[in-house]
Amino acid sequence: MTTLTKTEDAPAPTGPESFLSVRDLKVQFSTEDGIVKAVDGLSFDVERGKTLGIVGESGSGKSVTNLTILGLHSPRSTTVEGEIVLDGKELVTASERELERLRGNKMAMIFQDPLTALSPFYTVGRQLSEPYMKHTGASKKEARDRAVQMLEKVGIPQPKMRFDDYPHQFSGGMRQRAMIAMALMCDPDLLIADEPTTALDVTVQAQILDLLKDLQQEFGSAIIFITHDLGVISTMADDLLVMYAGRAIERGSVREVMREPRHPYTWGLLSSMPRLDSDVDEALTPIPGSPPSLLNPPTGCPFHPRCAFRDEVPGTLCTDTRPSLGDGRAAACHLTAEQKQTIFIDKIQPRLR
Amino acid sequence: MLQFIFRRSVGAVVTLFLLGAVTFFLFVAAPSDYASLACGKDCSPQRLHDIREALGLDQPLAQQFWNFMSGIVMGRDFPTGHCNAPCLGVSFYSGDPVWSTIMDRFPTTLTLTLGGAVVFLVVGVGAGMLAAYKRGSMVDKVATGASMVLSSFQIYFLGPIVLIIFVYSTGWMDNPQYHPITDDPIKWFTGLLLPTLVMATIFTAQYTRMARSSMIEQMAEEHVRTARAKGMSSKYVFFRYAWRGALIPIVTVLGIDISSMLGGAVVTEITFSLQGIGRLAVDGASHKDLPLTMGVMLFGAFFILIFNILTDIAYAYIDPRVRLS
């Protein structure tokens with residue numbers, strides 16, 4: 001992110017002037033086994049022209065959060081509480097019709113697997129044109145011109161001919177480009193990219209990331225970038241939100257969180273990341289245990305069953321009190337600031353180098 | 001596409017030939033000698049020989065088979081006269097040409113099949129889609145419940161009940177019977193209304209369940225979610241994106257159902273005492289009437305192969321991934 005000024009101070013949740021602000025979001029599914037608390041009290045903000053990275057393991061609530069912003073959860077089995085305000089418009093209570101007008105228009109989503117996320121039954125061109133015609137009232141011809149222009153912009157060769165191709169005639173990388181073109185058809189102010197490069201091989205991945213960055217500069221959209229790949233996030237995002245068990249457990253600018261993480265879970269994440277410059281013989285350090293069941297999340301701090309530093313916290317604080325995530329640069333952990341500092345310098349940093 | 005149709009048609013002809021061969025030799029291998037059956041208890045060897053000769057059973061098997069198969073293409077001469085192509089031989093039992101017997105019976109079966117298909121496609125698929133669209137609602141519960149109950153019924157159970165109510169006790173309808181549409185369209189319609197509806201009821205229930213479940217399955221597809229993420233209305237997404245995928249299983253089953261019904265809706269025809277292809281097939285087998293059985297079997301197989309090809313063409317139309325370049 002070269003041209004964007006980086007805010008060194010924290011992305012503090014600062015009231016309603018943020019472009020997108022999510023406040024105390026709770027998403028619950030009722031299933032046969034009980035109630036799944038997929039997202040539990042999540043708050044964050046995204047500004048125009050900025051990228052917020054959300055990282056976390058599978059099932060940490062990343063995707064659910066973003067589907068909820070778009071209103072794509074199934075209304076029958078899902079309850080949503082809290083506030084999602086996009087450019088002054090409250091989305092949780094918005095009607096389906098209002099959401100339809102916003103989706104694909106003001107806010108758009110790039111999905112993880114472009115093979116399954118594009119319909120096999122219609123041409124790429126048609127799938128691109130549809131939302132443009134719906135949201136702008138453009139004619140078929142205008143929509144076609146726009147779609148060809150967007151396909152060209154995302155780097156698809158011979159866009160005029162490719163317009164009439166079906167998704168299965170595209171390669172994986174091209175499909176993801178088409179997907180991005182589709183999301184950008186109506187110049188959305190908010191772009192949610194849900195692991196947009198996970199299904200692609202590494203060279204294509206880099207191209208797609210570059211493309212997203214270029215397009216953000218051009219259109220000035222806010223981007224929420226969901227991934228479990230910390231390497232990708234460090235090149236893409238301005239701010240970072242680490243999620244665990246449906247909650248935000250650490251927040252800060254990318255540089256802050258990557259250089260000096262403050263939550264034992266983030267330490268674990270960073271330690272388990274393979275590095276090109278590390279010794280081949282050096283084993284990666286996985287986080288022990290497995291992600292908690294969201295049907296029955298642990299009491300207190302959701303990470304305590306897997307936390308290696310639980311003993312450092314006096315008493316039963318970890319098991320019965322949920323640590324709060326303060327404003328700004330923060331981590332939801334009962335360890336004191338000094339403890340974190342000492343542990344990080346003594347035990348974690350040597351592993352990261 | 002033309003090349004595809006041609007290739008498949010050639011395949012179908014070969015399949016028909018092989019099917020004919022298997023049927024023929026199985027029938028001959030079975031302990032069923034029509035000649036001695038026709039000859040009766042006190043049969044003199046001379047009389048048996050005469051009957052065999054008259055039926056062509058004295059010839060070598062290969063010759064008999066060849067005569068039968070070539071007759072379909074080129075026609076055939078019998079002592080009683082010439083039989084035009086497609087000649088399926090002459091029934092041992094009735095002495096009538098098999099082809100003309102089939103053609104006499106076919107309109108009944110065709111009417112039943114097409115009438116039934118219209119009902120179960122419109123009502124069955126319609127109800128299934130509605131139930132899927134309003135999933136979890138009262139409409140869905142009623143449709144699901146009713147289709148559960150109805151699909152566990154049988155034609156031979158529902159049929160007599162309907163006959164008792166509408167024909168025997170109230171006299172609202174005549175006993176079901178086929179009238180050619182060219183004679184009297186109204187009688188054609190009312191004549192087969194009860195059997196068609198009874199048969200369609202069972203199928204409707206199955207199609208409702210199938211349409212509902214495949215629509216629900218499709219609604220959960222990722223590309224359907226993408227369409228919603230683009231801001232397309234839920235109706236549009238339902239009818240354009242989900243429907244397209246849900247069509248594939250429906251078309252598959254439809255092709256199988258229609259083709260097997262055209263080859264004879266046996267249970268319906270017998271329940272309602274109708275003279276259709278299914279009835280003919282049962283008669284042919286029970287009379288050990290080789291030419292009739294062969295004829296009906298090949299006739300049914302013909303439809304199965306035709307609808308197989310039609311189903312594949314429909315797939316290509318629905319799903320561009322199977323489109324042949």
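Author: In this predicted model, helix α1 (residues 62-70) of chain A lies across β1, β2 and β4 of chain A, and the helix runs at about 75 degrees to β2(A). Axes here are lines fitted to C-alpha atoms, for helices over the stretch in contact, with angles running from 0 to 180 degrees between N-to-C directions; two residues are in contact if their C-beta atoms, placed from the backbone, lie within 7 Å. Helices (H or I, at least four residues) and strands (E, at least two) are DSSP runs, numbered from the N terminus.

The strands under discussion belong to an open sheet of four, ordered β2-β1-β4-β5 in chain A, with antiparallel pairing, where two strands pair if DSSP finds at least two bridges between them. At its edges stand β2 (34-46) and β5 (89-90) of chain A, each of which pairs on one side only. Within the sheet, β1 (residues 20-31) and β4 (residues 78-86) of chain A are joined in the antiparallel sense over eight bridges, and Lys26(A) has Glu81(A) as its bridge partner in β4(A).

Turning to the other chain, an automatic or database domain assignment divides chain B into domain 1 (2-83) and domain 2 (98-322). Their contact takes 14 residues from domain 1 of chain B and eleven residues from domain 2 of chain B.

Residues are numbered from 1 along each chain as its sequence is written, while chains are lettered from A and ligands numbered from 1 in the order in which they are written. Local features need pLDDT of at least 70 and side-chain atom pairs count only at pLDDT 80 or more, whereas totals for chains, interfaces and linings use all residues.
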